[in-house]
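Trainee: I am new to this one. Can we go through it in short questions and answers?

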Amino acid sequence: KYILGRLQEFSCPVYSVLGNHDLKMMDSIDEVEPLIKQNPATFSMNCDGFHLVFLSPEVRPELGLLRGGIYKTQNLSEETLKWLEKDLEQNKLPTLVFMHFSLAEDPTIEDQCMFLKNRDAVKDILLKSGQLKAVFVGHQHTPKFIEENGIPHYIIGSPTASLVEDGIPIGTYL
């Protein structure tokens, strides 16, 4: 709520994708969407000559709350994959994708909780479209750039990760 409040101080629209910390105590995205006042949590729009795609993971309660809800929220649903394919077929603009978990492979990271579980299926759809220009993700807390299949992947550090004991956000991006 703090970060969303700060972002809304800007005189421009603010959009959000959901991540494990947004969803870990929820049993469905339907419970979260009213909290962020954005419906739906996965959507697309055209803006200034680009097609912007916002992908939020599904909640899989059967996977439990292990490791801060990460495993519970690490997939895009089959419904979302079908929507994405249709959305990209209907749009021919250069596409930018925003999501929480990383799609790009990173051999420096062994912990699979950093990546979207069904990333291969998502990458297949995105690459098949021929319009993908960049992917922006979070979750890893450390800024990084990875190029995969000629596509830049920007991993944005967390604006709320606390590196101090008093719990104040590090504010890297505020």
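Trainee: Which residue meets Arg119 in a salt bridge?
Mentor: This is a predicted model. In it, the side chain of Arg119 comes to 2.8 Å, N to O, from its partner's. The two sit in distant parts of the chain, 14 residues apart, with Arg119 in helix H6 and the partner in the loop between E3 and H6. That partner is Glu105.

Trainee: Is Arg119 buried or exposed?
Mentor: Its relative accessible area is 11%. Buried means under 20%. Therefore Arg119 is buried.

Trainee: And where does Glu105 fall, by its relative accessibility?
Mentor: The value for Glu105 is 34%. Buried stops under 20% and exposed starts over 50%. So Glu105 counts as partly exposed.

Trainee: Which residue forms a salt bridge with Glu148?
Mentor: The N to O distance is 3.0 Å. Glu148 lies in strand E5 (residues 144–148), and its partner lies in helix H6, 25 residues apart. Both residues are buried. The partner is Lys123.

Trainee: Which residues are linked with Arg119 in a network of salt bridges?
Mentor: Arg119 meets Glu105. Glu148 meets Lys123. The network links Arg119 with Glu105, Lys123 and Glu148.

Trainee: How far apart are the closest N and O atoms of Lys128 and Glu85?
Mentor: These two form a salt bridge. Lys128 lies in helix H6 and Glu85 in helix H5 (residues 78–89), so the pair ties together parts 43 residues apart in sequence. Lys128 is exposed at 57% relative accessibility, while Glu85 is partly exposed at 28%. The closest N and O atoms are 2.5 Å apart.

Trainee: What is the volume of the largest cavity?
Mentor: The count comes to one cavity of 30 Å³ or more. Its lining includes Lys123 and Glu148, along with Leu103 and Ile151. The largest cavity has a volume of about 50 Å³.

Trainee: Which element gives the largest share of that lining?
Mentor: Helix H6 (119–129), strand E4 (132–137) and strand E6 (151–155) each supply at least two residues. By class, the lining has six nonpolar, two polar and two charged residues. The largest share is three residues, and it comes from H6.

Trainee: Which residue in E2 is the bridge partner of Phe43?
Mentor: Strand E1 (residues 43–47) runs antiparallel to E2, and five bridges join them. The two form a hairpin with two residues between them. In the turn, Asp48 has a positive phi of about 50°. The partner of Phe43 is Phe54.

Trainee: Which residue in E3 is the bridge partner of His51?
Mentor: E2 and strand E3 (residues 95–99) pair in the parallel sense, over five bridges. E2 itself, residues 50–55, is mostly covered, with five of its six residues buried. The partner of His51 is Thr95.

Trainee: How many disulfides does the count come to?
Mentor: Take two of the cysteines. Cys12 is partly exposed, with a relative accessible area of 45%. Cys47 is partly exposed too, at 33% relative accessibility. The disulfide count comes to zero.

How values were computed. Residues are numbered from 1 along each chain as its sequence is written. This is a predicted model: local features need pLDDT of at least 70, side-chain atom pairs count only at pLDDT 80 or more; totals for chains, interfaces and linings use all residues. Side-chain values use heavy atoms; hydrogens and water are left out. Buried means under 20% relative accessible area, exposed over 50%, partly exposed in between (1.4 Å probe, protein chains only). Helices (H or I, at least four residues) and strands (E, at least two) are DSSP runs, numbered from the N terminus. Two strands pair if DSSP finds at least two bridges between them. On a 1 Å grid over the protein atoms alone, a cavity is a set of points where a 1.4 Å probe fits but cannot get out, and a pocket is an open set with protein on both sides within 12 Å along at least five of seven lines; lining residues have an atom within 4 Å of a point. Grid points are joined across faces, edges and corners, and a volume is the space filled by probe spheres set on the points. Ala, Val, Leu, Ile, Met, Phe, Trp, Tyr, Cys and Pro count as nonpolar, Asp, Glu, Lys and Arg as charged, and the others, Gly among them, as polar. A disulfide is a pair of cysteine sulfur atoms within 2.5 Å. A salt bridge is a side-chain nitrogen of Lys or Arg within 4 Å of a carboxyl oxygen of Asp or Glu.
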